[in-house]
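Hello,

Here is the structure for you to look through. My notes on it follow below.

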Amino acid sequence: MLQLQFIRDNKEEVITRLKVRNIDATSVVEEVIALDEKRRTLQSNLDNTLAQSKKLSNEIGDLFKTKQVDKANELKAQSLVLKEESKSLGENLNITAEKLQSLLYTIPNLPHPSVPAGNSDQDNEEIFKEGEVPTLIKGALPHWELAKKYDIIDLDLGAKITGAGFPVYKGKGARLQRALIAYFLDQNTQAGYTEYQVPHLVNETSGYGTGQLPDKEGQMYHIGEDNLYLIPTAEVPITNFFRDQLLAEKDFPICCTAYTPCFRREAGSYGAHVRGLNRLHQFDKVELVRVEHPDNSYKALDGMVAHVQELLRELKLPYRILRLCGGDLGFTAALTFDFEVYSTAQERWLEVSSVSNFESFQANRLKLRYKNESGKNVLAHTLNGSSLALPRILAGILENYQTEDGIQIPEVLVPYTGFDKID
RNA sequence: GGAGAAAUGGCAGAGUGGUCGAAUGCGGCAGUCUUGAAAACUGUUGAGGGUCACACCUCCGGGGGUUCGAAUCCCUCUUUCUCCGCCA
């Protein structure tokens with residue numbers, strides 16, 4: 001959520017910067033400003049009424065103390081009139097404030113100046129590319145075929161017990177999955193991130209805090225009976241740790257990491273590109289979350305990018321880094337770098353990480369602030385990134401590391417898997 | 001699931017109808033003393049709205065109610081603790 005004060009003071013800038021997202025925010029911004037003005041007028045009228053009735057109440061108290069009952073009753077009648085007045089002003093104020101709030105919820109974050117204009121993922125800007133695309137053996141297979149051939153992932157079994165998009169990992173497949181999780185967590189904790197295990201269900205307030213609600217309502221699995229949501233990413237529980245927090249400057253940086261399964265309904269996304277592990281309803285992911293001082297958040301973002309880069313380097317997977325264009329940028333993000341691994345047998349890039357700076361957008365919803373040097377409370381910045389999303393990494397490993405007589409395990413993982421080949 | 005107790009400022013903890021935004025302690029900040037530090041002493045220290053700045057208003061877990069007036073009384077929800085039951 002953008003800060004109201006900022007919108008008020010920088011109306012034109014807000015409109016201009018949102019154009020990078022292909023959004024014409026003119027009318028929304030106008031309406032926000034109009035509603036805010038209305039709200040403040042109502043507030044000040046209500047304040048005055050309340051001040052009067054407060055004064056009256058004190059007088060009544062004094063009159064009772066000095067036994068001037070008649071006089072007191074007279075003032076009581078006056079007070080009742082004011083009460084009616086403040087009640088209707090209060091109702092009006094609430095309606096206006098709610099309208100304003102829900103309107104503010106519809107405005108996405110302002111893109112960072114470096115975000116290129118563009119409509120779709122076609123317009124994302126490739127900023128870095130590294131790693132060799134292996135020359136595959138004759139008769140190389142896509143990962144879903146390999147999964148069957150070596151009996152390590154069973155999509156049909158998952159479909160039988162739950163539905164499509166819920167894979168079952170088996171034997172060395174399951175072990176490789178566990179190895180990847182352990183490897184990523186170890187690398188992250190070594191880089192200074194504190195490891196957490198968190199609930200996989202969150203309440204509605206948390207959904208609003210990180211911006212999944214109200215705009216991505218349909219993307220999360222919802223448990224109506226208890227009004228809880230299955231987390232689409234560990235970002236949601238972790239970032240919400242810091243909801244309603246007032247930090248000190250010395251608390252920065254806060255660095256968290258967690259492994260969780262992620263649940264996504266992915267309503268409406270079907271087609272040729274969702275085969276195998278490419279797009280699932282449940283997948284595993286290790287996540288990084290940082291809470292930063294605003295002056296340091298972009299440096300922190302660079303640090304996270306470098307960290308994720310190192311993981312991919314160690315796994316010796318060919319990857320590239322994209323700067324997302326305005327049209328592809330998530331609702332809450334100011335700047336996002338996507339990491340994609342080249343899946344050789346499918347001959348396509350797979351997104352394995354997304355690293356973003358949300359600046360104060362989430363912090364504003366979360367009321368996550370810190371006390372600065374001069375004692376003022378200022379919104380902190382939040383960031384997050386995947387390190388990494390498991391299924392697509394697994395797909396990349398299976399496809400890129402396949403040989404005549406089995407699938408090689410990347411060297412760094414062997415201590416974790418206990419085997420160096422799936423055959 | 002049943003029964004009871006509780007929820008107050010960064011923390012601890014008073015406050016049961018009227019100048020209570022809230023005693024006190026700790027912590028934080030500033031100062032005195034000191035070569036410096038500690039100790040001691042003095043002062044200061046919640047958040048939001050509003051204003052050029054004041055004024056002023058709101059907030060004592062959330063929501064609703066009683067009253068001229070609520071941290072204080074009533075209803076309700078949530079959470080925590082204790083006891084009982086069930087259970088990985």
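To begin with one residue: is R265 buried, partly exposed or exposed? R265 has a relative accessible area of 36%, so it is partly exposed; buried means under 20% relative accessible area, exposed over 50%, and partly exposed in between, with a 1.4 Å probe and protein chains only.

This is a predicted model, in which local features need pLDDT of at least 70 and side-chain atom pairs count only at pLDDT 80 or more, while totals for chains, interfaces and linings use all residues. Residues are numbered from 1 along each chain as its sequence is written, chains are lettered from A and ligands numbered from 1 in the order in which they are written, and side-chain values use heavy atoms, with hydrogens and water left out.

Annotated sites

R265 lies in the loop between β9 and β10 (helices, H or I of at least four residues, and strands, E of at least two, are DSSP runs numbered from the N terminus). Not counting residues up to four places away in sequence, R265 touches G218, Q219, M220, Y221 and H281; contact means heavy atoms within 4.5 Å.

R264 is in the loop between β9 and β10 too. At 26% relative accessibility, R264 counts as partly exposed. With residues up to four places away in sequence left out, its contacts are Q219, Y221, P232, T233, L280, H281, F283 and K285.

An unreviewed UniProt entry gives "binding site" for R264, R265, E266, E351, V352, S353 and S354. UniProt positions are in the numbering used here, with feature names shortened, and annotations may be inferred rather than shown by experiment. Of these residues, R264, E266, E351, V352, S353 and S354 are in the lining of the largest pocket. (On a 1 Å grid over the protein atoms alone, a pocket is an open set of points where a 1.4 Å probe fits, with protein on both sides within 12 Å along at least five of seven lines; lining residues have an atom within 4 Å of a point.)

UniProt also lists T233, R264, E287 and N384 under "binding site", from an unreviewed entry. The lining of the largest pocket takes in T233, R264, E287 and N384.

S353 sits in strand β13 (residues 348-359). S353 is buried, with a relative accessible area of 1%.

Strands

Strand β10 (residues 282-292) has ten of its eleven residues buried. Ten bridges join β10 to strand β9 (residues 254-263), antiparallel, and I254 stands opposite V291. Seven bridges join β10 to strand β16 (residues 381-389), also antiparallel, with K285 opposite A389. Two strands pair if DSSP finds at least two bridges between them.

Helix α7 and the cores

Helix α7 (residues 172-190) has 19 residues, which at 1.5 Å a residue should span 27 Å; the end C-alpha atoms are 26 Å apart, which agrees. The expected span is 1.5 Å times one less than the number of residues. Among the buried residues of α7 are L180 and F184.

L180 and F184 are also among the residues with the most contacts inside the largest nonpolar core, which has 55 residues. Such a core is a set of buried Ala, Val, Leu, Ile, Met, Phe, Trp, Tyr and Cys residues joined through side-chain atoms within 4.5 Å. Helix α10 (residues 297-314) gives the largest share of this core, seven residues. A second, separate core of 20 residues includes I15, L103, I107 and F331.

Regards
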